[in-house]
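Please look over the sequence and the structure shown here before reading on. The report that follows takes up a few regions in turn.

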Amino acid sequence: MAPPHPRRPDQLTLDVVELIAEVVARYHADYDEAAAGHALTGAQAKLLSLLSLGPLPMRKLAQKLKCEPSNVTGIVDRLEARGLAERRPDPADRRIKMAAATEEGLRVARDLRDGLHFAREPLAGLSADERGTLRDLLRRMLDA
């Protein structure tokens with residue numbers, strides 16, 4: 001017996017999905033523009049932003065960026081060449097290489113965050129209660 005056909009989402013759900021897609025596209029365009037202002041690729045900027053939260057093992061970076069570890073190695077190589085990142089042994093297991101942002105890398109990551117205009121301006125038009133509701137709803141979607 002064939003599985004039942006999934007029900008087509010209602011128009012409101014389709015509208016929400018379309019709007020989320022547009023928000024994501026605008027965010028990525030703004031992020032890429034901010035990265036280019038620092039002569040970084042989007043992938044380099046994303047990796048640097050992750051490192052601004054603290055050192056991470058190379059394998060964990062690959063998981064977070066959803067790419068192969070060899071790609072992360074190349075990205076870290078380029079950031080390291082510019083003095084924005086460095087490799088360190090993991091204090092708990094010296095066989096594991098950690099990537100970490102340098103002081104300059106932390107400054108650039110801060111500048112990148114500050115350079116994102118897409119979300120800041122539209123969100124400023126929402127009240128604190130509306131922003132809180134939006135945050136809570138997005139968290140519920142991610143937790144589902």
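## Terms and model

Two residues are said to be in contact when they have heavy atoms within 4.5 Å of each other. The structure described here is a predicted model.

Strand β2, covering residues 85–90, runs antiparallel to strand β3, covering residues 93–101, and six bridges join the two.

I96 is found in strand β3. Leaving aside neighbours within four places in sequence, I96 is in contact with P57, R88, P89 and D90. I96 counts as partly exposed because its relative accessibility is 33%, a value that lies between the limits of 20% for buried and 50% for exposed. Between I96 and R113 there are 29 Å in space, taken from C-alpha to C-alpha, although the two are 17 residues apart in sequence.

## The largest nonpolar core

In soluble globular proteins, nonpolar side chains tend to be buried together. The largest nonpolar core in this model holds 25 residues, of which L40, L47, L48, L51, L61 and L79 touch the most other members. At least two residues of this core come from each of α1, α2 (42–51), α3 (58–65), α4 (69–81), β3 and α5 (103–114), and the largest share, five residues, is that of α2.

For L79, the contacts beyond neighbours within four places in sequence are with L40, Q44, L47, L48, L84 and A85.

## The largest pocket

The largest pocket contains about 700 Å³ of space. It is lined by 17 residues, and those closest to its centre are V23, L123, L126, L134 and L138. Helices α1 (11–36), α6 (120–124) and α7 (128–143) each supply at least two residues of the lining, and α7 gives the most, with seven residues.

## D30 in helix α1

Helix α1, which supplies residues to the lining of the largest pocket, also holds D30. Is D30 buried or exposed? With a relative accessible area of 12%, D30 is buried, because buried means under 20%. Leaving aside neighbours within four places in sequence, D30 is in contact with G115, L116, H117 and F118.

Note on methods:
Residues are numbered from 1 along each chain as its sequence is written. This is a predicted model: local features need pLDDT of at least 70, side-chain atom pairs count only at pLDDT 80 or more; totals for chains, interfaces and linings use all residues. Side-chain values use heavy atoms; hydrogens and water are left out. On a 1 Å grid over the protein atoms alone, a cavity is a set of points where a 1.4 Å probe fits but cannot get out, and a pocket is an open set with protein on both sides within 12 Å along at least five of seven lines; lining residues have an atom within 4 Å of a point. Grid points are joined across faces, edges and corners, and a volume is the space filled by probe spheres set on the points. Helices (H or I, at least four residues) and strands (E, at least two) are DSSP runs, numbered from the N terminus. Two strands pair if DSSP finds at least two bridges between them. Buried means under 20% relative accessible area, exposed over 50%, partly exposed in between (1.4 Å probe, protein chains only). A nonpolar core is a set of buried Ala, Val, Leu, Ile, Met, Phe, Trp, Tyr and Cys residues joined through side-chain atoms within 4.5 Å.
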